[in-house]
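Let's take a walk through the pockets of this protein together. Have the viewer open and follow along.

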Amino acid sequence: MVDIAAATMANIGPAMSFFFGFGFLATTSGVASPLTIVAAGIAVALLGNTLAQFSKAHPSAGSFITFVGKTFGPTSAVTTALLAGLGYIIAMASVIAVSGGFLETTLNHYLKWNVPWIIWTLLLTAIAVVLMVRGIAVSTKLAGLFFGVEMLVLVVVSVAAIVNHSGHLSLDPFRPSLITGGFQGLAEGFPLAVYLFIGWENSAALAEETQDPRRNVGRAVFLSVGIMSVSYLLFSYATLTGFDYDVAKVGASAVPFIDVAQGTLGALAFFAYLAGLTSTLGALIAGTNSQARLVFNAGREGLLPSAIGAVHPTRRTPTRAIIVFVSISLLIIGGWGLLHLLGGHAESGSMDPMVFFAEASTMGTILVLLVYLASNVALPFYYHRYRRSEFHWARHVLLPTLGAAAILVPLYYLVKPGQPEPYNWFPYLALGILVVALGYAAVLVRRDPSLGERVGSIVADSHTSG
């Protein structure tokens, strides 16, 4: 449980997510933006209940794909496989890009090196793939180690900042009346706060390689969400305190937390940079590890080409799925760069990985939120139909209903009209992907009527691969 919880939190990448997301969140929700994080933590915990309940009944590497498919049939399984697979690939492309981008920034800051970020991205990605192909135990423990380093630095810097400003601490960040625009500001900042937790579902995808997954997956999910919620509150309060509760200055900073580290004790800035590096690497390894297994499972069950569902003959790792997952992510990065160059959006012909991080993570999140929504809708039907003796109105109806409602809020603010380019195109792109996925699913199920029987058919309560 500890291993998969650590891998889950490494997938979340708290330093990476907080470094590049909190400035915008503070600008949107105001000085009381930590309360938006509280609301997001509650929403993710509701989703965690859905995942835990499904994993208790049917642990599978397919995670949401298996859960939705077992409830609504093979067409829904194939559609979910495409939405989840592509959503995670797009989101992971943002992590892959920013890993090289942040390393370039760090090396330029300290050593004045000007090696292009794409070189570092390809190098780090190659190293990560080698580690993942070697086996889940090695790569998961390394991701956990990276997570430990970043959390230690984040906590030390936060406590130091609060102590350094102990003479004028304020409770303003926890006053609901100070949320900019009231409920409107809370709602607009909500999807940004939810994004800080993306990756929380990592544990379920590792179910077949986890001891006692029916028990440990749920425990790992809630442990991860709880630790991340408390941690983000500490980091956000320390950041606001370091900027004297001036959200305009927070929003104007490229990486607010690093500026706080620099202002608190100059030497801490180096460790803050180090935390950012370990966070991106940990998220890259942990995220690809778990999310490639969704693609692997879809290939294993015939929802995607069967070649993807093969494992390494000796290491028993989903090597092809990992390579396909990473290759498509790199192609997305290249395609994005080409479109920006052709559109004249890149300054001096360069590509900004930080801009891509925001754009790709938003597009990927829209698709992933659709999968979250479908799983919450599926839970009461699944338990009522297949496990009637265990059916419980609170766990299997009330909580998933609240979870679905919590998903609709960020989903609305991610697709509502009036957003700047390229964000205004994302809802149409998501709709197009959904239509294509449904069409592909209908054709595949008509060609292979037995597909529904294979969804989630391979279930293990013990280790199945190295």
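A pocket here is an open set of grid points with protein on both sides within 12 Å along at least five of seven lines, and its lining residues are those with an atom within 4 Å of a point. Keep in mind as you look that the model is predicted.

Let's begin with the largest pocket, which holds about 1100 Å³ of space. Its lining is made up of 37 residues, and those nearest the centre are Phe20, Phe24, Leu192, Ala358 and Tyr423. If you colour by helix, you will find that α2 (14–29), α5 (74–111), α8 (183–195), α11 (247–252), α12 (256–264), α15 (353–386) and α16 (393–415) each give two or more residues to this lining. Which of these elements gives the most? That is α15, with eight residues.

Now turn to the second largest pocket, with a volume of about 470 Å³. Here 17 residues form the lining, and Trp336, Leu339, Met363, Phe426 and Leu429 lie nearest the centre. The elements that give two or more residues to this lining are α5, α14 (319–343), α15 and α17 (426–447). This time α14 gives the most, with six residues. By class, the lining of the second largest pocket has 14 nonpolar residues, two polar ones and one charged.

Conventions
Residues numbered from 1 in each chain as written. Predicted model: local features only at pLDDT ≥ 70, side-chain atom pairs only at ≥ 80, totals over all residues. Heavy atoms only, no water. 1 Å grid on protein atoms, 1.4 Å probe; cavity = no way out; pocket = protein on both sides within 12 Å on 5 of 7 lines; lining within 4 Å. Points joined across faces, edges and corners; volume = space filled by probe spheres on them. Helix = DSSP H or I, 4+ residues; strand = E, 2+ residues; numbered from the N terminus. Nonpolar A, V, L, I, M, F, W, Y, C, P; charged D, E, K, R; others polar.
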